[in-house]
Amino acid sequence: MELASAAGGLTGQGWVQIGELALALLLSALIGLEREIRQKSAGLRTHTLVGFASALIMLVSKYGFADV
């Protein structure tokens, strides 16, 4: 019973964070696409991965360690 009420009170687990991750994915993909069009190194895949991973790490560091 206590676990269920504690899980309901957790922050950082919702549609807002999924939206933030989707926005990071979209914006970093746009940067990568622009670089791919200009035939620069580190194109679409690289920028998409780095942008999404950095946004995910920031969300984990913001909400993942609240009890520390």
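These are my notebook entries on a predicted model of one protein chain.

**Ground rules**

I number residues from 1 along each chain as its sequence is written, and my side-chain values use heavy atoms, with hydrogens and water left out. Since I am reading a predicted model, local features need pLDDT of at least 70 and side-chain atom pairs count only at pLDDT 80 or more, while totals for chains, interfaces and linings use all residues.

**Entry 1: the overall layout**

I looked up the secondary structure and found 3 helices and 0 strands in the protein chain. Here helices (H or I, at least four residues) and strands (E, at least two) are DSSP runs, numbered from the N terminus. Along the sequence, the pattern reads α-α-α. I then checked burial: of the 68 residues of the chain, 15% count as buried. My cut-offs are under 20% relative accessible area for buried, over 50% for exposed, and partly exposed in between (1.4 Å probe, protein chains only).

**Entry 2: helix α2**

Next I followed α2, which covers residues 15–37 and has 23 residues. From its first C-alpha to its last, α2 reaches 32 Å, close to the 33 Å expected at 1.5 Å a residue. That expected span is 1.5 Å times one less than the number of residues.

Which residues of α2 are buried? I noted Q17, L21, A24, S28 and G32. What covers these buried residues includes α3, residues 44–63.

**Entry 3: what the record says**

I opened the UniProt entry, which is unreviewed, and saw residues 15–34 and 46–65 listed under "transmembrane region". UniProt positions are given in the numbering used here, feature names are shortened, and annotations may be inferred rather than shown by experiment. I compared both stretches with the model. Residues 15–34 are 100% helix and 0% strand, with end C-alpha atoms 28 Å apart. Residues 46–65 are 90% helix and 0% strand, and their end C-alpha atoms are 28 Å apart.

**Entry 4: how α2 meets α3**

A reminder to myself: two packed helices are described by the angle between their axes and the distance between the axes. How do α2 and α3 pack? I read an angle of about 155°, with the axes 7 Å apart. That makes α2 roughly antiparallel to α3. The axes are lines fitted to C-alpha atoms, for helices over the stretch in contact, and angles run from 0 to 180 degrees between N-to-C directions. Angles under 35 degrees count as roughly parallel, over 145 as roughly antiparallel, 65 to 115 as roughly perpendicular and the rest as oblique.

I also listed who makes the contact, meaning heavy atoms within 4.5 Å. From α2, the residues include Q17, L21, A24, L25, S28, A29 and G32. From α3, they include L44, H47, T48, G51, F52, A55 and Y63.

T48 sits in helix α3. T48 counts as buried because its relative accessibility is 17%. Leaving aside neighbours within four places in sequence, T48 is in contact with L25, S28 and A29.

Y63 is also placed in helix α3. Is Y63 buried or partly exposed? At 26% relative accessibility, Y63 counts as partly exposed. I found Y63 and Q13 50 residues apart in sequence and 8.5 Å apart in space, C-alpha to C-alpha.

**Entry 5: the loop between α2 and α3**

I finished in the loop between α2 and α3, where Q39 lies. Q39 has a positive phi of about 55° although it is not a glycine. With a relative accessible area of 73%, Q39 is exposed.

A42 is found in the loop between α2 and α3 too. Phi of A42 is near 60°, again positive in a residue other than glycine. A42 is partly exposed, with a relative accessible area of 33%. What does A42 touch, not counting residues up to four places away in sequence? I noted R35 and H47. Lastly, A42 and G32 are 10 residues apart along the chain, and their C-alpha atoms are separated by 7.4 Å.
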